[in-house]
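Let's walk through this model together, with an eye on its side-chain pairs, its strands and its surface. Please have a look at it first.

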Amino acid sequence: MAKEMSRRSFLKKGAAAAIGLAVVPSTVLGKKFGHTAPSDKLNILGVGIGGRGASVLKGLESQNIIGLCDVDWKYAEHVFQRYPAAKRYNDYRRMYDEMLKSADAVMVATADHTHAIIAADAITAGKHVYCEKPLTHTVYESRLLTKLAAKHKVATQMGNQGASAEGVRKVCEWIWNGEIGEVRKVEAFTDRPIWPQGLMRPENDERVPKTLNWDAFIGPAPMRPYNSIYTPWNFRGWWDFGTGALGDMACHILHPVFKGLKLGYPTKVQGSSTLLLSESCPTAQTVKFVFPARDNMPKVAMPEVEVYWYDGGLMPTRPEGLPAGKDLNVKGGGAIFYGTKDTLICGCYGADPYLVSGREPKCPPVMREVKESHQMDWVRACKEDADDRTLSASDFSEAGPFNEMVVMGVLAVRLQGLNQELHWDGEKMRFTNIPADATIKTVIKDGFSIKDGHPTFKKTWTDPVNANQFAEELIKHNYREGWKLPDMPM
């Protein structure tokens with residue numbers, strides 16, 4: 001073993017000298033001589049660093065942060081200062097052109113609509129990827145990242161950090177051990193949004209700040225004039241850039257539901273909301289998902305289950321037996337599992353689970369305990385050999401199908417004007433019961449006013465469009481010219 005390690009060390013130093021690079025990706029050598037040694041540091045690029053990305057990078061700073069990119073240099077200045085040795089960019093494509101060969105891994109924390117293309121370009125180059133939630137903006141993009149990661153055998157992680165925490169493990173242990181019986185209904189909610197939603201498109205254009213690369217922010221979405229209402233932070237509330245409270249928080253709150261009940265593709269979905277505008281997410285919404293029966297587990301059956309989502313301050317009815325004064329909201333939301341034996345409740349991230357009966361089950365462990373942080377568990381996976389890797393807690397093999405469920409809720413809300421339950425073919429990524437001649441329209445502007453004491457309802461609507469074509473564009477976006485995803489692997 002000592003001889004083997006000595007030889008590896010010698011070859012590694014020799015290769016670095018021969019290539020003549022200041023930074024050599026660990027996995028260049030790892031792919032040739034075995035997995036990356038745990039003592040080696042990954043060379044990481046960060047894309048989207050001013051907001052959530054800053055926190056993710058802090059969890060990765062034991063590694064080498066070699067390049068940083070953000071479209072808004074004013075917003076990201078505090079991060080640039082924290083990593084002065086990292087090269088700075090305002091367009092990830094230029095950073096990739098210059099630095100991707102020297103990198104082992106990429107951290108993505110941009111606006112939702114650019115997650116997929118930035119992550120996909122990294123994966124096809126053989127780089128490991130950590131991507132913030134929601135994983136992608138559309139169902140198709142989630143499926144693509146799932147398949148690309150499998151094809152290229154890279155280590156991946158979605159940024160729903162609760163997946164690595166004790167709460168999710170405990171929820172799974174209790175359900176799989178039969179402690180609450182069969183679950184046929186789940187209700188989940190969040191107190192978000194805490195950013196503006198329910199907005200009409202601003203009518204006044206503003207001058208683009210010198211510190212902002214507006215074209216790079218727009219990315220694959222349709223171009224529009226700049227307004228400061230869009231970014232930073234507020235992008236979540238706009239359909240072209242975000243997925244609203246559902247996309248942001250369901251990735252935390254519904255994860256123990258998806259994992260604990262072993263869900264796959266929903267077969268039916270319905271959505272409703274406050275005023276649905278063509279430009280931005282509604283202020284509050286509800287979604288009903290129906291999932292078919294799954295294979296039974298040794299100690300519990302997995303029958304058809306209905307999953308209900310609420311946001312914007314809407315809440316499910318308090319479960320029977322819950323003590324008065326007990327707040328269902330833990331860390332921004334919660335989930336209620338109605339079993340035939342008991343009711344299980346947990347907070348956002350699966351935090352602090354408990355049974356309404358008051359019992360405290362003692363169950364055998366069923367999942368690996370993550371002893372490091374969510375970020376560092378991904379780093380561990382990056383350094384392991386692809387053929388013998390222990391997957392991270394939210395590897396894209398799970399996060400991809402899960403995110404399909406989340407953005408399916410967005411589809412349900414945006415198609416609510418059809419006034420019907422929507423039937424979904426998950427394998428083919430299409431709705432099966434929208435009539436061929438059905439049309440749909442949404443509100444551009446709400447012209448409500450009061451004149452002489454009388455309310456006047458005057459809405460400006462989009463022109464009606466074919467509903468199937470509209471749905472197809474939501475499932476798989478037509479990217480702006482100059483932006484293209486890799487092909488879907490077979």
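Which salt bridge do the side chains of Asp248 and Lys133 meet in, and what is its N to O distance?

## A buried pair

The side chains of Asp248 and Lys133 meet at 2.4 Å, N to O, where a salt bridge is a side-chain nitrogen of Lys or Arg within 4 Å of a carboxyl oxygen of Asp or Glu. This pair links distant parts of the chain, 115 residues apart: Asp248 sits in helix 10, and Lys133 in the loop between strand 5 (128-131) and helix 7 (139-152). Helices (H or I, at least four residues) and strands (E, at least two) are DSSP runs, numbered from the N terminus. Both Asp248 and Lys133 are buried; buried means under 20% relative accessible area, exposed over 50%, and partly exposed in between (1.4 Å probe, protein chains only). The two also belong to a network of salt bridges that links Asp112, Lys133, Arg236 and Asp248.

A word on the ground rules: this is a predicted model, in which local features need pLDDT of at least 70 and side-chain atom pairs count only at pLDDT 80 or more, while totals for chains, interfaces and linings use all residues. Residues are numbered from 1 along each chain as its sequence is written, and side-chain values use heavy atoms, with hydrogens and water left out.

## Other salt bridges

The structure holds 28 salt bridges. In one of them, the side chains of Asp387 and Lys153 meet at 3.4 Å, N to O. That pair, too, links distant parts of the chain, 234 residues apart: Asp387 is in the loop between helix 12 (374-383) and helix 13 (396-414), and Lys153 is in the loop between helix 7 and strand 6 (156-158). Asp387 is exposed, with a relative accessible area of 64%, and Lys153 is partly exposed at 47%.

Arg380 forms a salt bridge with Asp377, their closest N and O atoms being 2.9 Å apart. These two are 3 residues apart in helix 12, so about one helical turn separates Arg380 and Asp377. Arg380 is buried, with a relative accessible area of 18%, and Asp377 is buried at 3%.

An open sheet of 9 strands has mixed pairing and the order 13-12-11-7-10-9-8-14-15; two strands pair if DSSP finds at least two bridges between them. Its edge strands, each pairing on one side only, are strand 13 (354-355) and strand 15 (430-431). Helix 8 (residues 166-176) packs on the sheet, touching strand 11 (333-339), strand 12 (343-347) and strand 13, with contact meaning heavy atoms within 4.5 Å. The direction of helix 8 makes about 170° with that of strand 12; axes are lines fitted to C-alpha atoms, for helices over the stretch in contact, and angles run from 0 to 180 degrees between N-to-C directions.

Strand 9 (residues 285-291) and strand 10 (residues 305-311) run antiparallel, joined by 7 bridges. Phe289 has Val307 in strand 10 as its bridge partner.

## A covered helix

Helix 6 (residues 115-124) is mostly covered, with 8 of its 10 residues buried. Among the buried ones are His115, Ile117, Ile118 and Ile123. Their cover includes strand 1 (43-47), helix 5 (92-99), strand 4 (105-108), strand 5, helix 7 and helix 13. After helix 6 comes Gly126, whose phi is positive, near 85°.
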